[in-house]
Each structure stands twice: as C-alpha cells, then as structure tokens.
Amino acid sequence: MNSKYRIAIDGPSGAGKSTIAKAVAGKLGIDYIDTGAMYRAIGYKAGRENVEPEDKERLSEMLADTEIDFSDGNIILDGENVNSLIRTPEVSMLASKYSAVREVREKLVELQRNMGMRKSVIMDGRDIGTNVLKDAEYKIFLTASAEERADRRFRELQEKGREQSYDSVLEDIKQRDHNDMTRKLNPLRKAEDAIELDTTGMDIEQVIEAVMDIVYKK
C-alpha cells in the first residue's frame, strides 16, 4: 500500500456505503470524510450567521472564509469541533437547503479534494470516484439488488418503530436509483477503473473484509 492513499466508495442508496466506509477507516487508521456532515456544517454556519442561499455575495464571502476538516471521527469547522451542533433537525433542514446551491457544492468538493491531497482518506457518495476523487488509488462501486437494499432499509425502519410497508420502501429505492442515475450533474455511475462489489447476501463483516482485501491486494 502507498503511504498516502484515497479510497472512493460509490454506489446506490441503501448499499451500506457509509457504514462500511466508517468501519474500514477505523481498521486502516485513516479519516472517514463524512460528506453529509460537511453540508450540515455549512448549513449550521449559514444559519448562525443569517446568510441566505439567495444572497450570493454574502454566501460567497462566507464560503471563502470556511475551513472544514476531519480528525479522529470529529468534524472541525473553522477550528471548532461541531459534532454535537450539527445533528439537530433544524440543521438537517438547512443542510438540505444549502446542498442544492452550486457554490456550496463546488466549495465542498474543493475541500474534499484538498483533504485527499494532504492525507489518507476514505470517502463515500454517488460521484466520489467519477468526480470528486477521479485519481483515487482505490475505487469501489458498492451495490446490491434493489430488493436486498429495500429489505435492509425496511428492517432498519422497523427497529426504529417507524411504520412503512416493504413495497413502499422498495419503490422509494427504485425511484431514488432512477433519480441518481439520470440527474444532469454528476449522475451515479460506476467509474471505469472501479471494482464492483455486489453485497447481495453478504453481512456487514463480510463486506468489510471484502473491501479490506481489495485495498491490500491491489
């Protein structure tokens, strides 16, 4: 293995990308870059400073003065650990609102690429290997059948006490797949140099082991 490397994990909704990426990061002793948390951090800062997404001038100024990093599982916003501050429903709504803003997405991709240049990282999403880290040393396309992913999500909802039929969960999964694969900006697709890993029928430990094998054997 290289002394410094980047692992990009892409795949459809419900494939377990974040769960696997966090576990692999822990085993390798590298930083897991939680891209969703980065959008939460931006939403939190914008809300705190009363910067509206429509105010392009103030938003651009705020973004230019924003630094985000990860250290030992913690997200650091402008030098402050904001883990406990960005997990509220209010910040979740702000994150969703600002994630649709082109300037925000461009800023966060820039920060993500910079992290990958400075240190070893693992990152997951829909377009990490095809857009954010095009030259990542390890690219994995993590997938599973729609039925398998729907079953995982259905059981997760049941454990949380949330009522939703399996059929509706499956339909949601299929609709999200369609949306992700047909969106105009950086659609979901397998990078030409990515290794596809179909996790249908595999448990979490088996998937973690398979990813570790890819990293160590490549």
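Five strands form an open sheet in the order β2-β6-β1-β7-β8, with parallel pairing, where strands are DSSP runs of E of at least two residues and helices are runs of H or I of at least four, numbered from the N terminus, and two strands pair if DSSP finds at least two bridges between them. The model is predicted, so that local features need pLDDT of at least 70 and side-chain atom pairs count only at pLDDT 80 or more, whereas totals for chains, interfaces and linings use all residues. Residues are numbered from 1 along each chain as its sequence is written, and side-chain values use heavy atoms, with hydrogens and water left out.

**The parallel sheet**

- β2 and β8 (195-198) stand at the edges of this sheet with a single partner strand each, so one side of each has no neighbour in the sheet.
- The twist averages 20° from one strand to the next, with axes taken as lines fitted to C-alpha atoms (for helices over the stretch in contact) and angles running from 0 to 180 degrees between N-to-C directions.
- β2 runs parallel to β6 (residues 121-125) and is joined to it by 3 bridges, and tyrosine 32 stands opposite isoleucine 122 in β6.
- Helix α5 (residues 102-118) lies across β1 (6-10), β2 and β6, and runs at about 150° to β6.
- Helix α9 (residues 204-217) packs on the sheet by touching β1, β7 (138-143) and β8, and its direction makes about 155° with that of β7; contact here means heavy atoms within 4.5 Å.

**The antiparallel sheet**

- Three strands form an open sheet in the order β3-β4-β5 with antiparallel pairing, and its edge strands, β3 (68-71) and β5 (80-81), each pair on one side only.
- β4 and β5 pair in the antiparallel sense over 2 bridges, and leucine 77 stands opposite glutamate 80 in β5.
- Helix α2 lies across β3, β4 and β5, running at about 40° to β4.

**Helix packing**

- The axes of α2 (residues 35-48) and α4 (residues 89-99) come within 7 Å and cross at roughly 100°, and the two helices are therefore roughly perpendicular to each other (angles under 35 degrees count as roughly parallel, over 145 as roughly antiparallel, 65 to 115 as roughly perpendicular and the rest as oblique).
- Their contact includes Tyr39, Arg40 and Ile42 of α2 together with Val91, Ser92 and Leu94 of α4, and its residues divide into 8 nonpolar, 4 polar and 1 charged; Ala, Val, Leu, Ile, Met, Phe, Trp, Tyr, Cys and Pro count as nonpolar, Asp, Glu, Lys and Arg as charged, and the others, Gly among them, as polar.
- Helix α3 (residues 56-64) and α5 pack at an angle of about 10° with their axes 10 Å apart, which makes α3 roughly parallel to α5.
- Lys56, Leu59, Leu63 and Ala64 of α3 meet Glu103, Val104 and Lys107 of α5, a contact with 4 nonpolar, no polar and 3 charged residues.

**The second largest pocket**

- About 200 Å³ of space lies in the second largest pocket, a volume being the space filled by probe spheres set on grid points that are joined across faces, edges and corners.
- On a 1 Å grid over the protein atoms alone, probed at 1.4 Å, a pocket is an open set of points with protein on both sides within 12 Å along at least five of seven lines, and lining residues have an atom within 4 Å of a point.
- The second largest pocket is lined by 16 residues, of which Tyr32, Phe70, Asp72, Gly73 and Asn74 lie nearest its centre, and the lining divides into 6 nonpolar, 5 polar and 5 charged residues.
- α1 (17-28), β2 (31-33) and β4 (74-77) each supply at least two lining residues, and the largest share, 3 residues, comes from α1.
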